[in-house]
Amino acid sequence: MRKSLLSNKYVKFGISCFNLLYLILIFALAMWTFLYKLVFTSQTGFYVFYIILSVIFATLMLLTKNQIMTRIVALSIPLPIFFLTLFNIDTPIMFIPPLVVAIVMFFACGAGDTAKVLLGSLYLLMFVVGMVGYTIISTLFGGSAVETRLDANLTDTEITSIYNMEKIDQLNQNSVSPDGKFRYYILDVQDNDRGKVIIVVEPNDLDKHYKFFDLIEAGYSSRIAKYPTRGATPDIEWVLNEDYDPNDEGSAQYKLRYRFGEAAEWKTSTINIPSRKNYLRFLNVN
């Protein structure tokens, strides 16, 4: 029964067309991780779902390897996987499952040898040049400083030992402005000098939420305060903006008030989010 079902050309064609969903999914993941910062809400759940989904589609593609749509998917999917790899180079789980599927299907599909040789050479060159170019550009323009976000999930004792993490946690719990439009976070910056502490503000109403992960809008951040030495735990609070104009889209209802140390003076910063998104975030270019 199963053999007769899979030998039906219409069933095979339908399965072959269904395989396009995997290509669309990889394109979507590549685009999402380019435009947003992906934060897992259920890391294990995502890994299991992602791997099982890849195995299912790999099986369906093997069963229809000679169908035209499957051949198109098999020969096209290395392209979005290249960008998925580039944007998630530090998160191998994002690109390894589809990369394995792509390698298997590229050689197993029924496409001609000429197409495989030409496209295979092109993709190999693209991956090699792309990875080398990424390394060079991120080294030249990304700088040598290591930036670490201070939050409850931080396990680096070298960093946590120089900050008041209990106070940091309290600040993070109140990081969203009362109107819900903005949020702040604190960065520890290790460089060749004494390092820095930076307060960063970003929009809070542009995120997207899904079952296993959140897409955090991180391309419009504004670094409103810097302290020239690591280890200083700031005081931060939201205050009303007396100059707020509800008719002005660029006007924020709240300002951020801060100081680095109890003996320091309080300073107030107006929230000015850049109008242009930083699309080079994946290169660590600020």
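The expected span of a helix is 1.5 Å times one less than its number of residues. The exercises below apply this and related ideas to a predicted model.

**Exercise 1. How many residues does helix H4 have, what span does H4 reach, and which of its residues are buried?**

Solution. Begin with the length: helix H4, residues 43-63, has 21 residues. Next, take the distance from its first C-alpha to its last, which reaches 30 Å and is close to the 30 Å expected at 1.5 Å a residue. Finally, turn to accessibility, where buried means under 20% relative accessible area; by this cut-off the buried residues of H4 are Gly45, Phe46, Tyr50, Leu53, Ser54, Phe57, Ala58, Leu60 and Met61.

**Exercise 2. At what angle do the axes of helix H2 and helix H3 cross, and which residues make the contact?**

Solution. Two packed helices are described by the angle between their axes and the distance between the axes. For helix H2 (residues 9-18) and helix H3 (residues 20-35), the axes come within 4 Å and cross at roughly 0 degrees. Because angles under 35 degrees count as roughly parallel, H2 and H3 are therefore roughly parallel to each other. The contact is made on the H2 side by Ser16, Cys17 and Phe18, and on the H3 side by Leu20, Leu21 and Tyr22. Sorted by class, this contact of H2 with H3 has 5 nonpolar residues, 1 polar residue and no charged residues.

**Exercise 3. In what order do the strands of the open sheet containing S8 stand, and which strands stand at its edges?**

Solution. Strands of a sheet pair through backbone hydrogen bonds, either parallel or antiparallel. Here 3 strands form an open sheet in the order S8-S9-S10, and the pairing is antiparallel. Strand S8 (234-240) and strand S10 (267-270) stand at the edges with a single partner strand each, so one side of each is left without a neighbour in the sheet. From one strand to the next, the twist averages 30 degrees.

Methods. Residues numbered from 1 in each chain as written. Predicted model: local features only at pLDDT ≥ 70, side-chain atom pairs only at ≥ 80, totals over all residues. Heavy atoms only, no water. Pairing = 2+ DSSP bridges. Helix = DSSP H or I, 4+ residues; strand = E, 2+ residues; numbered from the N terminus. Axes fitted to C-alpha atoms, helices over the stretch in contact; angles between N-to-C directions. Parallel < 35°, antiparallel > 145°, perpendicular 65-115°, else oblique. Contact = heavy atoms within 4.5 Å. Nonpolar A, V, L, I, M, F, W, Y, C, P; charged D, E, K, R; others polar. Buried < 20%, exposed > 50% of the residue type's maximum accessible area, 1.4 Å probe, protein only.
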